[in-house]
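This report describes one protein model for a reader who has not seen it before. The sequence and structure come first, and the description follows.

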Amino acid sequence: MKFIGIIPARYASTRFPGKPLALLGGKPIIQHVYEQVKRCIDDVWVATDDQRIIDVVSAFGGKAIMTSDSHKSGTDRIHEAADLVKTDADVIINIQGDEPFIAKEQIETICQCFDDSRTQIATLAKPFEKDINLIRNVNSPKVVTDLHGYALYFSRSIIPFVRGFEQNEWSDHHTYLKHIGIYAYRKEVLDEITQLSQSPLELVESLEQLRWLQNGYKIKVGLTNIETIGIDTPEDLQKAEDFLKRTNHKGKDGE
């Protein structure tokens, strides 16, 4: 099975304009992401809407493609990019452009989800620590799966409800799963889901993956024990810089 990695990267982020080009450990965030993905996928592209990002990616020896500036989601952007580069890959992996510490092991896990022929879309989840305050965080979506590892539902609320116990005891009786926002799609499925309208559940939860679930697509959830460190704000960048110094991160698995 052939895989391609595509990293959507917008310049005009509301909370952090120019984020892909911000320096982390002396090199752009987008370069960190690209190099991590390149460790296990041969064909990697950055999909952007800004020539400055194209220029920086080309300067470090990466591949980038210009896409429309009107896309409403990263999914739409990678779909256009896949068409533009005329990929013959079976599976397209969407890696967030603000995840500089994405691990090789995580990408391998999402690829392995497609060993199951029923998998149409794949994503990752990590068990939460037993801290109800972390689990309550609405910015950390939760996922519940069936017995075969397929998503039943994603929510910003705490799911499932543990009956008979106070909420601060729930994590002692159930392992809650934190959704990690990396996705992979069979090529024909990506073609289909980008034609779908927003669904009622997606609109109320503001979670794009609910559009796919509500339309009947099967989403395989691979498990990881590695915490990702996303960068949404300048403050997050400083935390990432501190993490880089603290761990002397060199792109090794799990660091």
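How many of the residues of β10 are buried? Strand β10 is mostly covered, with 9 of its 10 residues buried. Buried means under 20% relative accessible area, exposed means over 50%, and partly exposed lies in between (1.4 Å probe, protein chains only). Helices (H or I, at least four residues) and strands (E, at least two) are DSSP runs, numbered from the N terminus.

The model is predicted: local features need pLDDT of at least 70, side-chain atom pairs count only at pLDDT 80 or more, and totals for chains, interfaces and linings use all residues. Residues are numbered from 1 along each chain as its sequence is written, and side-chain values use heavy atoms, with hydrogens and water left out.

**Strand β10 and its partners**

Two strands pair if DSSP finds at least two bridges between them. Strand β6 (residues 91–94) runs antiparallel to β10 and is joined to it by 4 bridges; here Val-91 stands opposite Arg-186. Strand β7 is also antiparallel to β10, with 7 bridges, and Ala-122 has Ala-184 of β10 as its bridge partner. Strand β8 (residues 142–145) pairs with β10 in the antiparallel sense over 2 bridges, and Lys-142 has Lys-178 as its bridge partner in β10.

Ser-171 lies in the loop between β9 (151–155) and β10. Ser-171 counts as buried because its relative accessibility is 4%. Apart from neighbours within four places in sequence, Ser-171 is in contact (heavy atoms within 4.5 Å) with Lys-130, Asp-131, Ile-135 and Tyr-176.

**Aromatic rings**

The structure holds 7 aromatic pairs. Rings of Phe, Tyr and Trp (its six-membered ring) pair if their centres lie within 6.5 Å; planes under 30 degrees apart count as stacked, over 60 as edge-to-face and the rest as tilted. Two of the pairs are set out below.

| Aromatic pair | Centre to centre | Between the planes |
|---|---|---|
| Phe-3 and Phe-114, edge-to-face | 6.5 Å | 70° |
| Tyr-183 and Trp-212, edge-to-face | 5.1 Å | 85° |

Phe-3 is in strand β1 (residues 3–9) and Phe-114 is in the loop between α4 (104–112) and β7 (121–127), so the pair links parts of the chain 111 residues apart. Both Phe-3 and Phe-114 are buried. Tyr-183 belongs to strand β10 (residues 177–186) and Trp-212 to helix α8 (residues 209–214), 29 residues apart. Tyr-183 and Trp-212 are buried as well, and together with Tyr-185 they form one aromatic cluster.

Charged side chains also sit over rings, a term used if NZ of Lys or CZ of Arg is within 6 Å of the ring centre and within 35 degrees of the ring normal. The charged end of Arg-52 sits over the ring of Tyr-11, 3.7 Å from its centre. The charged end of Lys-218 sits over the ring of Tyr-150, at 4.3 Å from the centre.

**Helix α1 and the cysteines**

Helix α1 (residues 29–38) is mostly covered, with 8 of its 10 residues buried. Among them are Ile-29, Ile-30, His-32 and Val-33.

A search of the whole structure finds 0 disulfides (pairs of cysteine sulfur atoms within 2.5 Å). Cys-40 counts as partly exposed because its relative accessibility is 26%, whereas Cys-111, at 15%, counts as buried.
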